[in-house]
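Let's take a friendly walk through a protein model. Have the sequence and the 3D view at hand as you read.

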Amino acid sequence: MSKPIEHDYIGLSEQQLPSMEKSSDAGNKKNGLHLKATELRLGLPGSESPEREDHDHKLLSLKSFVSGAKRGFSDTLNGGGKWVFGGGSGGGSEGLFSPRSGGSNGGNGLSGSDSGVGGPVLKDEAAQKPVVGQEKKPQVAGGSGHGNGNIAPVSKAQVVGWPPIRSFRKNTMASHPPKNDDDAEAKLGSGCLYVKVSMDGAPYLRKVDLKFYGSYKELSSALEKMFSCFTIGQCGSHGVPSRDGLSESRLIDLLHGSEYVLTYEDKDGDWMLVGDVPWEMFTDSCKRLRIMKSSEAIGLAPRAMEKCKNRT
Amino acid sequence: MESSEVNMSRDSSQLDESARGSSSPDVALERVLSLLKSHRDRSSVSLVCKDWYNAERWSRTHVFIGNCYSVSPEIVARRFPKIRSVTLKGKPRFSDFNLVPQNWGADIHPWLVVFAAKYPFLEELRLKRMTISDESLEFLAVSFPNFKALSLLSCDGFSTDGLAIIATHCKNLTELDIQENGIDDKGGSWLSCFPESFTSLEALNFANLTSDINFDALERLVGRCKSMRVLKVNRSISLEQLQRLLVNALQLAELGTGSFSQELTFRQYEELESTLSSSKNIHTLSGLWEAKGLHLPALYPVCTHLTFLNLSYAPLQSGELAELLAHCPQLRRLWVLDTVEDEGLEAVGSSCPLLEELRVFPADPFDEDIIHGVTEAGFVAVSYGCPRLHSVLYFCRQMTNAAVATIVQNCPDFTHFRLCIMDPGQPDYLTNEPMDEAFGAVVKTCTKLQRLSVSGLLTDLTFEYIGRYAKNLETLSVAFAGSSDWGMQCVLTGCPKLRKLEIRDCPFGNAALLSGLDKYESMRSLWMSACNVTMDGCRQLAREMPRLNVEVMKEDGMMVFKQIKYMFIVLLQAQGGMRHHLCLLSEMLAVKSYAGDDIPFCRHRVGLMFIQQSNSVKA
């Protein structure tokens with residue numbers, strides 16, 4: 001049987017080629033125009049491959065490639081001089097196949113999340129969170145609370161194409177979520193007020209029902225339990241006097257002196273320290289909680305005071 | 001064997017243009033064979049002898065091609081001269097989940113060009129995961145005067161402009177089915193392009209388009225198409241508009257509603273309820289976007305004869321579902337969101353004893369710590385109440401081995417078992433053990449199993465079980481599972497009927513890949529991504545299988561090995577700087593040697609494909 005023949009259909013333009021590819025590109029050039037003509041033009045997202053313009057005239061003689069189709073079957077049979085990758089109508093370099101996630105995390109597979117690349121289709125792709133698919137280790141889901149020993153401190157960012165749900169469904173549910181925090185209070189008969197709680201450095205978020213707690217004290221001990229595995233410095237109860245009588249938050253006292261403070265995002269989008277306003281006012285305005293490092297929380301307290309004064 | 005194959009191929013090409021001969025056995029045989037609908041039966045029949053082969057090919061009117069790269073349109077046209085209906089599938093399934101780069105291929109246009117020449121009376125075209133441009137749609141519309149049915153599922157490359165052209169030019173259109181595509185939705189004016197004289201439409205599905213359409217045009221269209229039995233509208237259609245459509249289409253058998261959340265006056269609600277009561281033929285119901293409990297009772301009259309209820313876009317709570325299902329005793333197929341929770345699934349178990357298929361989709365799949373959703377308890381509850389259950393797609397966040405064992409004990413007839421524990425590599429949450437025994441129970445108990453998707457923490461033991469017991473398995477999907485090459489080897493050597501194998505993020509490498517050499521020729525496709533396969537492994541595979549065409553797709557480019565038989569491999573590699581997609585798509589092909597070094601793809605010899613590999617070629 002004849003030896004397998006390799007054809008490199010990728011000819012990256014000079015500036016985009018990693019060094020190892022350059023030699024093969026030069027090699028292709030040696031074989032004459034024919035192979036060069038079969039080279040595919042690629043680029044990183046948003047870049048234009050200047051050589052494409054010349055080739056487009058030669059290569060885009062078939063209507064089928066107006067849409068940027070990679071190959072037609074008969075084309076391949078006829079000598080494949082028309083291997084053009086991507087390219088929307090008119091020779092633009094839309095639709096270039098490129099590493100979707102760029103260089104930021106080593107190029108983790110091919111997510112279709114950049115709607116800017118890929119021509120006129122898939123515009124409804126919702127942007128996905130960054131992909132760290134390859135480093136995932138088996139983990140126990142946080143929600144169940146079982147098998148805590150197995151929790152690996154790996155970033156739980158989204159994996160491309162997982163869970164396996166078609167784009168249409170994904171986008172539909174994303175744009176019209178069945179529950180979201182804004183509607184949480186308006187939910188029929190549910191009487192819950194779930195807000196997300198994130199902690200700097202923790203692998204995943206939790207959710208708490210603010211209506212479930214009656215005071216800052218209860219909330220703080222619940223959060224303490226939830227995030228105890230992540231807290232580096234344990235908080236004991238310090239007898240720190242409350243500030244100006246406004247702060248009844250034991251949480252701040254507890255965390256005072258530790259690395260973390262509890263903050264929340266209110267309806268105006270401002271980040272405030274928890275505990276500065278009466279509990280009911282807090283639950284009314286809290287959209288999200290965040291346990292942040294003390295170093296980052298500098299400057300929050302004065303603003304919180306200001307707001308509180310303006311309100312009362 | 002080989003020489004007779006060659007003879008057959010020569011004979012068939014001779015018979016192409018010449019008369020078939022008027023010997024009565026052929027004509028009678030053709031008559032009989034024309035009653036055969038199944039492709040597998042037809043493939044078997046064509047193997048009997050030359051006469052049967054010819055009779056079969058002349059009597060076939062529908063061709064199914066499971067992998068568009070397995071055969072050229074010219075070969076199809078040469079073998080089957082009388083085709084009126086074509087079904088084509090293109091990209092690997094994982095392209096639905098963005099694992100295949102855009103503009104990968106599977107372009108329909110070259111097929112259309114051949115069909116225009118060879119099948120000018122083509123009536124139906126059904127495409128799945130193909131790329132079709134507006135230009136191709138235009139070509140289709142003008143080239144086939146008899147064209148009747150267009151169905152596009154998971155396709156891309158086109159826009160609503162293409163639909164407008166179809167609507168304008170296809171005078172005999174009976175079916176326009178546009179589902180879950182990467183369509184460029186530029187607006188709803190396409191629907192207004194159906195001429196006022198046009199009355200033949202029987203099935204219209206535009207549920208997954210987002211733009212508003214001209215309701216008056218739709219109302220008139222539905223009103224004058226008296227044979228319409230399938231109508232699935234999109235979200236832009238309100239309840240009130242739905243009622244107006246239905247009142248003129250009481251013959252509808254399948255209804256997809258629009259948005260189900262409009263504020264209705266009492267009178268409007270009554271009208272809707274009354275119209276729905278008169279719609280006695282509806283057996284399939286879908287849509288129900290944003291359905292609120294308030295309006296669901298209007299559906300009760302329809303529910304009594306409902307066999308398929310698709311609530312997968314309606315985030316119902318458990319109570320709402322329970323109430324609805326109490327009116328659906330005939331239900332065979334149910335699709336829901338996991339907002340219904342385990343309680344809702346208990347209601348499924350108690351209200352729908354005839355249920356055969358259940359799909360539970362996650363409402364919030366990317367929320368990192370969701371409190372709600374379904375668990376193993378819901379699935380178990382359904383299994384107790386629905387002994388006829390044989391097809392399940394279940395997304396959950398926790399599962400146990402014991403639960404799955406119970407489920408398959410209650411429902412041993414599973415043909416499709418797709419379990420997605422959404423956190424990759426998650427063990428049995430009660431015992432912390434791998435989920436091996438769960439899938440072991442599935443394959444041991446469910447002897448009719450054809451399709452299996454596994455998830456959770458799985459070792460090679462799962463695959464040992466699969467290889468040993470899953471003797472009817474045709475499709476296997478694996479993600480984040482396995483311990484070593486041995487796992488994949490078990491499957492490749494053990495499952496005699498395996499056709500499609502898709503693997504992602506598993507520690508299977510070259511040894512595993514190369515262990516399937518005996519298997520690949522009879523398979524339609526193998527996909528491997530983020531595994532441990534290397535370029536060298538692919539090259540070796542290509543060398544060992546000279547009839548294979550191996551395509552390796554690297555993240556920053558694409559390389560193609562040109563072999564004789566077409567089988568492409570897209571390789572995605574986890575290690576190193578280079579990432580590759582490995583996707584092995586194969587159907588047996590006729591082969592031919594190269595004409596020279598610079599001919600990139602091979603030609604296909606007529607006949608060999610079909611004769612030698614009729615069990616794998618659907619054509």
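## Two helices side by side

Helix α15 (residues 376-385) of chain B and helix α16 (residues 401-410) of chain B pack at about 15 degrees, their axes 8 Å apart. The two helices are therefore roughly parallel, a label for angles under 35 degrees. α15(B) passes α16(B) in a left-handed crossing, meaning that the near helix is turned anticlockwise from the far one by less than a right angle.

Who touches whom? From α15(B) come E376(B), F379(B), V380(B), S383(B) and Y384(B), and from α16(B) come A403(B), T406(B), I407(B) and N410(B); contact means heavy atoms within 4.5 Å. By class, five of these residues are nonpolar, three polar and one charged.

## About the model

This is a predicted model, where local features need pLDDT of at least 70 and side-chain atom pairs count only at pLDDT 80 or more, while totals for chains, interfaces and linings use all residues. Residues are numbered from 1 along each chain, chains are lettered from A, and side-chain values use heavy atoms, without hydrogens or water.

## An enclosed helix

Seven of the 10 residues of helix α4 (residues 50-59) of chain B are buried, so this helix is largely enclosed by the rest of the structure. Buried means under 20% relative accessible area, computed with a 1.4 Å probe on protein chains only. Y53(B) and W58(B) are among the buried residues of α4(B).

## Cysteines

How many disulfides are there over all chains? The count is zero, taking a disulfide as a pair of cysteine sulfur atoms within 2.5 Å. For C303(B), the nearest cysteine sulfur, that of C328(B), is 3.5 Å away. C303(B) is buried, with a relative accessible area of 0%.

Key. Buried means under 20% relative accessible area, exposed over 50%, partly exposed in between (1.4 Å probe, protein chains only). Helices (H or I, at least four residues) and strands (E, at least two) are DSSP runs, numbered from the N terminus. Axes are lines fitted to C-alpha atoms, for helices over the stretch in contact, and angles run from 0 to 180 degrees between N-to-C directions. Angles under 35 degrees count as roughly parallel, over 145 as roughly antiparallel, 65 to 115 as roughly perpendicular and the rest as oblique. Ala, Val, Leu, Ile, Met, Phe, Trp, Tyr, Cys and Pro count as nonpolar, Asp, Glu, Lys and Arg as charged, and the others, Gly among them, as polar.
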